Amino acid sequence: MGEVIELLEVLWEHGRDAVSSSPVSASQLRVLYCLDREEGMNLRMLGEMLGSAPSSVSRLCDRLQALGFLERLPSQISRRELELHLTHQGRTYLSDLRLRREEALTATLEAMPPTARTVLYEGLRAFREAAEGTAPLARLTAVREIDDRSA
């Protein structure tokens, strides 16, 4: 199990490392994915989606805003709230990241024999079904939407 996890982490990070000289943390990346999926949410909604405390979410957004990946704009609905939006730079980063990860994984999959790819597919499908039974609903929904968007 440990070897499989390490291999997946290495493959996943390979694409991320190739994208930018200023990569974001895994937590910040989760924020970017959430905002890419649901543009204009507020901090409370983002915190619920991430399962994080408001102060932690605010600090994550501060860092992303400093990188130029996120902007906070006044809400159209409530003067007391701010909406979170990805900037063009943030969208470009995500697009490049997805492309690099796809290239890295595609190259690896193409190097595998067809029967091994089939076994991997079945194993990953079973893994996802098992995760659906154990993950908190909000996080699972977020993961599923990220997967659907990245596919």
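Are R44 and E48 buried or exposed?

Author: R44 is exposed, and E48 is exposed as well. Here buried means under 20% relative accessible area, exposed means over 50%, and partly exposed is what lies in between (1.4 Å probe, protein chains only). This is a predicted model, in which local features need pLDDT of at least 70 and side-chain atom pairs count only at pLDDT 80 or more, while totals for chains, interfaces and linings use all residues. Residues are numbered from 1 along each chain as its sequence is written, and side-chain values use heavy atoms, with hydrogens and water left out.

Now the pair itself. The side chains of R44 and E48 form a salt bridge, with N to O at 3.2 Å. The term covers a side-chain nitrogen of Lys or Arg within 4 Å of a carboxyl oxygen of Asp or Glu. Both residues belong to helix 3, residues 43-50. They are four residues apart there, about one turn of the helix. The general rule is that an α-helix has 3.6 residues a turn, so residues three or four places apart point the same way. Side chains of opposite charge can pair when their charged atoms come close.

The structure holds seven salt bridges. R100 and E103 make another, with their closest N and O atoms 3.5 Å apart. These two sit three residues apart in helix 5, again about one turn. R100 is partly exposed because its relative accessibility is 34%. E103 is also partly exposed, at 41%. Elsewhere, salt bridges with shared partners join D36, E39, R91 and R98 into one network.

A further bridge links two elements. R72 and D62 meet through their side chains, N to O at 2.8 Å. R72 is in strand 1 (residues 70-74) and D62 in helix 4 (residues 54-67), so the pair ties together parts ten residues apart in sequence. D62 counts as partly exposed because its relative accessibility is 38%. Set aside neighbours within four places in sequence, and R72 is in contact with S58, C61, D62, Q65, L82, E83 and L84. Contact means heavy atoms within 4.5 Å.

Helix 2 (residues 26-37) holds Q28. Q28 is buried because its relative accessibility is 8%. Not counting residues up to four places away, Q28 touches L60, R63 and L64. R30 is in helix 2 too. R30 is partly exposed, at 35%. R30 and L50 are 20 residues apart in sequence, yet their C-alpha atoms are 7.7 Å apart.

Back to helix 5. Its 24 residues should span 34 Å at 1.5 Å a residue, and its end C-alpha atoms are 35 Å apart, which agrees. The expected span is 1.5 Å times one less than the number of residues. The buried residues of helix 5 are G90, Y93, L94, L97, R98, R101 and A104.

L109 is also in helix 5. L109 counts as partly exposed because its relative accessibility is 34%. Helix 6 gives the largest share, three residues.

Finally, the whole chain. It has seven helices and two strands. From the N terminus the order is α-α-α-α-β-β-α-α-α. Helices (H or I, at least four residues) and strands (E, at least two) are DSSP runs, numbered from the N terminus. Of the 151 residues, 29% are buried. Among contacts with a separation of 6 or more, 52% are between residues 24 or more positions apart. The accessible surface comes to about 9900 Å², and 58% of it belongs to carbon and sulfur atoms. Accessible areas come from the Shrake-Rupley method with a 1.4 Å probe, and for residues only the protein chains shown count as cover.
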